[in-house]
Amino acid sequence: MSTHTSPRTERSGLALLVIAAAQLLMVMDGTIVTVGLPVIGTGLGIAEADLDWVLTSYALAFGGLLLAGGRAGDLFGRRRMFRAGLVVFLAASLLGGVAGNGTVLIAARVLQGVGAAIVAPAALSLLADTFPAGPRRNKALGVYGAMGGLGSVVGLLLGGALTEYLGWRWIMFVNIPIALLVLAGTFAVVPGSRGRGGLDLPGAVTVTLALGSLVYAINRAGSHGVGDGLTLAFGSAAVALLVAFVLIQRSARDPMLPSGVLADRGRLGANLVMLLMGAGQLATFYFLTLYMQTIEQYTPMITGLAYLPFAIGIGIGSGVVGPRLQARTATRTVLAIGMAVAAAAMGWFSLLAPGQNPLFVLLPAQLAGGIGLGIGFVAATIGGVHGVASRDSGIASGLVNTSQQIGGALGLAVLAGIAVAATTGQPQGTPLPDALTSGYTAGMLGAGAFYLAAILTAVLLLRPRPASRNAEPLGSASR
């Protein structure tokens, strides 16, 4: 039998490598600053209460503009927008690396999010344009979905090493050579199809401002109370802007979110599950980093290495267990299994205590959590783009990423408030490390509640259809 590989196969393999690397880079930057947050706060004079904005500013810009980015790719050419987004991301990384204060760094993070919002949906749409319908495309979708979970953990590992040995600014600078390599590889990516219509900028701006106002209101409520004037003002603004977004979508000639994309109950359910997964995952990384560096006094490098079990778990879940389950049962069942394992891991994390041997809770719970999330990311990605019309593939692709990023921003805002309340609610005389750890574990139990809600969402909204139909490729019109 001949082992010759055709040029077309080689080209599609390189295209998958480029697309997967881009997705890994975009997701990685959502967490790469996490381990370096204490050092960044000290170096740039950012108050601890405001440090989470270094994380959420990226997630908000990324998630809020993903739908517009997906639509832009559909209209102006997916490979063209893929390249343009990489250039924006590269420039923003350079700006963040030379930032002299917290305001400039957060602005750079917002700009990085804008670039990522252009790249990510174009990447997933280009994947569908590159691979024909069938098993090859499903396998490629599995690789892409795995990057959504693995990228977060790679960011933590790389962020720890860079902060320890080269300084936190290299957390930004490291993106530049990676982005340049991905740009150089785009010659192997097909140009992609293009559609007609306009770009719904009012819708994009409205939904981004709405989500930003909501996150700020939730953050402020945690520190100043629900009755605080600014909390109420931003909360009211968020509601008003969301209503305006809905009205804009109904009247727009080319709405940012076409009604048909979420008309399918299964796609709606998969995106809600992805939102809940993102909500739990980013907050978990935030609390674990604070526990390891504040309570256990781990260096950034050791903190990054301590996340290795999570990376291994994501690899097992997304590369081995998830695809095998997907081939044998319905996506609904796969998601329920993954979220049940992830929720159990959050319960395991609740046993954390100051001075504890990491082999008892920290490391094994991370392995279990990674496996659960790895299973969930692959299944939710496949479910989120199942059966969508080719003309709307960019929007559907953007929505999958939007759900994860916005879920992360909102989840961190909610669970950070819960953690603060749990810490301040400890009895007088409680040692500070114990009080802080109680807050961190309360936040992770909240993440577990998100995962349990994801199970309920999957059961209620996803149909129990055969796995072969659940795995139908992006752009398939069959039901």
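Mentor: The protein has 18 helices and zero strands; helices (H or I, at least four residues) and strands (E, at least two) are DSSP runs, numbered from the N terminus. This is a predicted model, in which local features need pLDDT of at least 70 and side-chain atom pairs count only at pLDDT 80 or more, while totals for chains, interfaces and linings use all residues. Residues are numbered from 1 along each chain as its sequence is written, and side-chain values use heavy atoms, with hydrogens and water left out.

Some totals come before the close look. Of the 479 residues of the protein, 58% count as buried; buried means under 20% relative accessible area, exposed over 50%, and partly exposed in between, with a 1.4 Å probe and protein chains only. The accessible surface of the protein is about 17,900 Å², and carbon and sulfur atoms hold 69% of that surface. Such areas come from the Shrake-Rupley method with a 1.4 Å probe, and for residues only the protein chains shown count as cover. Among contacts in the protein with a separation of 6 or more, 85% join residues 24 or more positions apart. Contact means heavy atoms within 4.5 Å.

Now the part you asked for. Two packed helices are described by the angle between their axes and the distance between the axes. The axes are lines fitted to C-alpha atoms, for helices over the stretch in contact, and the angles run from 0 to 180 degrees between N-to-C directions.

Start with helix α13 (residues 308–328) and helix α15 (residues 362–384), whose axes lie 6 Å apart at an angle of about 40°. That angle makes α13 oblique to α15; under 35 degrees counts as roughly parallel, over 145 as roughly antiparallel, 65 to 115 as roughly perpendicular and the rest as oblique. The α13 and α15 crossing is right-handed. A crossing is left-handed if the near helix is turned anticlockwise from the far one by less than a right angle, and right-handed if clockwise.

On the α13 side the contact residues include P309, F310, G313, G317 and G322, and on the α15 side they include Q366, G369, G370, G374 and I382. By class, the contact of α13 with α15 has 15 nonpolar, nine polar and no charged residues. Here Ala, Val, Leu, Ile, Met, Phe, Trp, Tyr, Cys and Pro count as nonpolar, Asp, Glu, Lys and Arg as charged, and the others, Gly among them, as polar.

One residue of this contact can be followed further. Q366 sits in helix α15 and is buried, because its relative accessible area is 0%. Apart from neighbours within four places in sequence, Q366 touches L288, A306, Y307, P309, F310 and F349. Of these partners, P309 and F310 belong to the α13 side described above.

Helix α13 also packs against α14: their axes come within 8 Å and cross at roughly 150°. The angle makes α13 roughly antiparallel to α14, and this crossing too is right-handed. G322, L325 and Q326 of α13 make the contact with T331, V334 and I337 of α14. The residues of that contact divide into three nonpolar, three polar and no charged. G322, L325 and Q326 are also listed in the contact of α13 with α15.

From α14 the packing goes on to α17. Helix α14 (residues 331–349) and helix α17 (residues 432–461) pack at an angle of about 165°, with axes 8 Å apart. α14 is therefore roughly antiparallel to α17, and the crossing is left-handed. Residues of α14 in this contact include R332, M339, G347 and F349; those of α17 include T441, G448, Y451 and V459. The contact of α14 with α17 counts 17 nonpolar, three polar and one charged residues. F349, in the α14 list here, is also one of the partners of Q366.

Q297 is in the loop between α11 (265–295) and α12 (300–306). Q297 counts as exposed because its relative accessibility is 60%. The phi of Q297 is near 60°, a positive value in a residue other than glycine.
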